[in-house]
Amino acid sequence: MRPILILQHHQVETPGVFAEILAERGLAIQTVRPDLGQPVPPDPGAFAGVIAMGGPMGVYEEDRYPWLPEEDRLLRAAIARDQPALGICLGSQLIAKAAGARVAPGPEKEIGWYPLRLTREALADSLFAGFPEGFEAFEWHGDVFDLPAGAVNLAASARYPHQAFRVGRRVYGLLFHLEVTAPMVRVMTDTFKEEVVALGDPSRTSAILADLDRRTPALNALARRLFSAFLALL
């Protein structure tokens, strides 16, 4: 099988549990770091699938991040081919933009643990089969997207109605994180601590880090279920 392309946009926002599953199955991957100047491959057809991870940049900051148009072209081509693609956080915003939707700063950042609820359409979706109708996920985003035209809305939070979507049959965007491990949460909280402080809630850091040994195994069990279903699309 052709390798799976992983687009990683920041050193701490790795594929996490997804990478563990890929290693367990012995699947070939090619990780590209556009933020470090590595070129974005022009043709998604060279890969079995595309995974776009998170990052602190905005999809509209093309003047600061000149690789964003290259990634947009790649994802547009993947959408046109209905090639398996999965975007997480920033990755979901990149896919939404590539599918023609508006992406912009939201009225309130979601940073930490939030309850999500699946839509009726998600209950019949192959990636969310077997998920509970409501579950807790880890979030770290300020930007949000409109639902792309023709896309299927799959999940919502109390504040944001579009937390996950599907374009075509095999392209998915998840605004939330399932893949993060407890060490990843700790590193993200330390790396982006100024963003947490800026929320003006002195208790937010402790709330993010509370009970990780219970929260992350439950989160990662869902990650394994979803990502295994995604790999079945390849």
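**Exercise 1. Find what share of the chain's contacts between residues at least 6 apart in sequence join residues at least 24 apart.**

Step 1. Start with the criterion: a contact means heavy atoms within 4.5 Å.
Step 2. Keep the contacts between residues at least 6 apart in sequence; of these, 76% join residues at least 24 apart.
Step 3. Keep the origin of the coordinates in mind: this is a predicted model, where local features need pLDDT of at least 70, side-chain atom pairs count only at pLDDT 80 or more, and totals for chains, interfaces and linings use all residues. Residues are numbered from 1 along each chain as its sequence is written, and side-chain values use heavy atoms, with hydrogens and water left out.

**Exercise 2. Describe the overall build of the chain: its helices and strands, its radius of gyration and its surface.**

Step 1. The chain holds seven helices and nine strands, assigned as DSSP runs (H or I, at least four residues, for helices; E, at least two, for strands) and numbered from the N terminus.
Step 2. For 234 residues, a compact globule would have a radius of gyration near 17 Å, and the chain agrees with its 16 Å. The radius is taken over C-alpha atoms, and the globule rule is 2.2 Å times the number of residues to the power 0.38.
Step 3. Along the principal axes, the C-alpha atoms fill a box of roughly 45 × 40 × 35 Å.
Step 4. The accessible surface is about 9,900 Å², with 52% belonging to carbon and sulfur atoms; the areas come from the Shrake-Rupley method with a 1.4 Å probe, and for residues only the protein chains shown count as cover.
Step 5. Of the 234 residues, 56% count as buried, where buried means under 20% relative accessible area, exposed over 50% and partly exposed in between (1.4 Å probe, protein chains only).

**Exercise 3. Locate Asp82 and Cys89, and say whether each is buried or exposed.**

Step 1. Asp82 lies in the loop between helix 2 (68–80) and strand 4 (85–88). Its phi is positive, about 50 degrees, although it is not a glycine.
Step 2. Asp82 is buried, because its relative accessible area is 15%.
Step 3. Cys89 sits in the loop between strand 4 and helix 3 (90–98). Cys89 also has a positive phi, about 55 degrees, without being a glycine.
Step 4. With a relative accessible area of 2%, Cys89 is buried.

**Exercise 4. Which residues have the most contacts inside the largest nonpolar core, and what does Leu226 touch?**

Step 1. A nonpolar core is a set of buried Ala, Val, Leu, Ile, Met, Phe, Trp, Tyr and Cys residues joined through side-chain atoms within 4.5 Å. The largest one has 50 residues, and Phe128, Phe176 and Leu178 have the most contacts inside it.
Step 2. Helix 7 (residues 212–231) gives the largest share of this core, nine residues.
Step 3. Apart from this core lies another, of 31 residues, among them Leu75, Leu94, Val103 and Phe165.
Step 4. Leu226 is found in helix 7 and counts as buried at 0% relative accessibility. Leaving aside neighbours within four places in sequence, Leu226 is in contact with Leu86, Leu127, Phe128, Phe131, Leu174 and Leu178.
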